[in-house]
Each structure stands twice: as structure tokens, then as C-alpha cells.
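Welcome to this short tour. Open your viewer, get ready to select residues by number, and follow along stop by stop.

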Amino acid sequence: MTVARAAISVSVIGGCPIFAFLGRGGIDDTIVQISEKYNRPIERNTERRRVIILLIWHFLGLSIAILTSSFGIVLQFVGSIAALFMLFFPGYIVWVESRNGANWGYRVTGIILMSMGIFMFAWTLVFNAYQIATGAS
């Protein structure tokens, strides 16, 4: 058990800067796009906004770590999000690219992958929430 915890710790510590950088960039880009949509353009990547986003990001992670009773709960929710990364997003990319006059098989493949990803994400998320609510393990 100690070896598993050490391996997970090394993985989290190694991946944290990458996820924080990518997450901060995605959140910052979303904020800029929303502000441009409402004709209030703001500057991209200002230092103050980056610091605020990272502080919120880390305090949210810290609060989740403090408030969850078991690491298994977190792994179950991460598993449900993995369905999106493995099925929905690749299917979405295939579907978007197939709209440029590609074969209809690509379009169908993209729709099937997106459907499977949404189903697995929703099913796993609801199942885990049910287990948490009922106290089943």
C-alpha cells in the first residue's frame, strides 16, 4: 500500500505543473472569449488573472483533498471523466473533421464514439453518486 501511495504521489507531483498550466490556459482563454463575445475585450494572460486562476485551482484541489473521506471516491470520478477523454473528444474531432467532405463512415464513427463517451461518463457519474449517497462501497 505504501508503494502505491508513493507512486500516485510521484505521478500527481509530476503532472501537477502540466495540468495547472493547461487548465489555466483553458480557463483564461474561455474568460477572454466570453468577454470578447460581449464586446468587452480584455488582455490575454495577464499576470494578475493567472495568479488568481492558479490560487483558485490549488485551493479547490486542497478542499477536495480535505473534504473527501476516501481516495477511492476521487478515483471513481476521475474514471468517469476518463471516458470523455478516451471516447467523446476523439469522436468529436473525427466528427468535426468529417464535415469537410470526408467519407460518411467517419461521421458515423465520430457519432458512435461521442455517444459511447457520453453514456459511459453519465452512467459512471450517476453510479458513483448513488454509491456515495447510499453509503455502499
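Start by selecting Trp123 and Phe127: both sit in helix α4, 4 residues apart, which is about one turn of the helix. Helices here are DSSP runs of H or I with at least four residues, strands are runs of E with at least two, and both are numbered from the N terminus.

Before going further, a word on what you are viewing. This is a predicted model, in which local features need pLDDT of at least 70 and side-chain atom pairs count only at pLDDT 80 or more, while totals for chains, interfaces and linings use all residues. Residues are numbered from 1 along each chain as its sequence is written, and side-chain values use heavy atoms, with hydrogens and water left out.

The pLDDT is the predictor's confidence in each residue, from 0 to 100. Its average over the protein is 80, and 93% of the residues score at least 70. Colour by confidence: the lowest mean, 75, belongs to α1, and the highest, 87, to helix α4 (residues 104–134).

**Stop 1: aromatic rings**

The whole structure holds 4 aromatic pairs. Rings of Phe, Tyr and Trp (its six-membered ring) pair if their centres lie within 6.5 Å; planes under 30 degrees apart count as stacked, over 60 as edge-to-face and the rest as tilted. How are the rings of Trp123 and Phe127 arranged? Their centres are 5.4 Å apart and their planes meet at 5°, so this pair is stacked.

Now select Phe88 and Phe89, whose ring centres are 5.5 Å apart with planes at 70°, so they are edge-to-face.

**Stop 2: a salt bridge**

A search of the whole structure finds 1 salt bridge (a side-chain nitrogen of Lys or Arg within 4 Å of a carboxyl oxygen of Asp or Glu). Select Asp28 and Arg49, which form a salt bridge with their closest N and O atoms 2.4 Å apart. This pair links distant parts of the chain, as Asp28 is in helix α1 and Arg49 is in helix α2, 21 residues apart. Are these residues buried or exposed? Asp28 is buried at 3% relative accessibility, and Arg49 is buried at 15%. Buried means under 20% relative accessible area, exposed over 50%, and partly exposed in between (1.4 Å probe, protein chains only).

**Stop 3: a loop residue**

Finish at Asn39, in the loop between α1 (2–37) and α2 (47–67). Asn39 is exposed, with a relative accessible area of 68%. Asn39 has a positive phi of about 55° although it is not a glycine. Most residues other than glycine have a negative phi.
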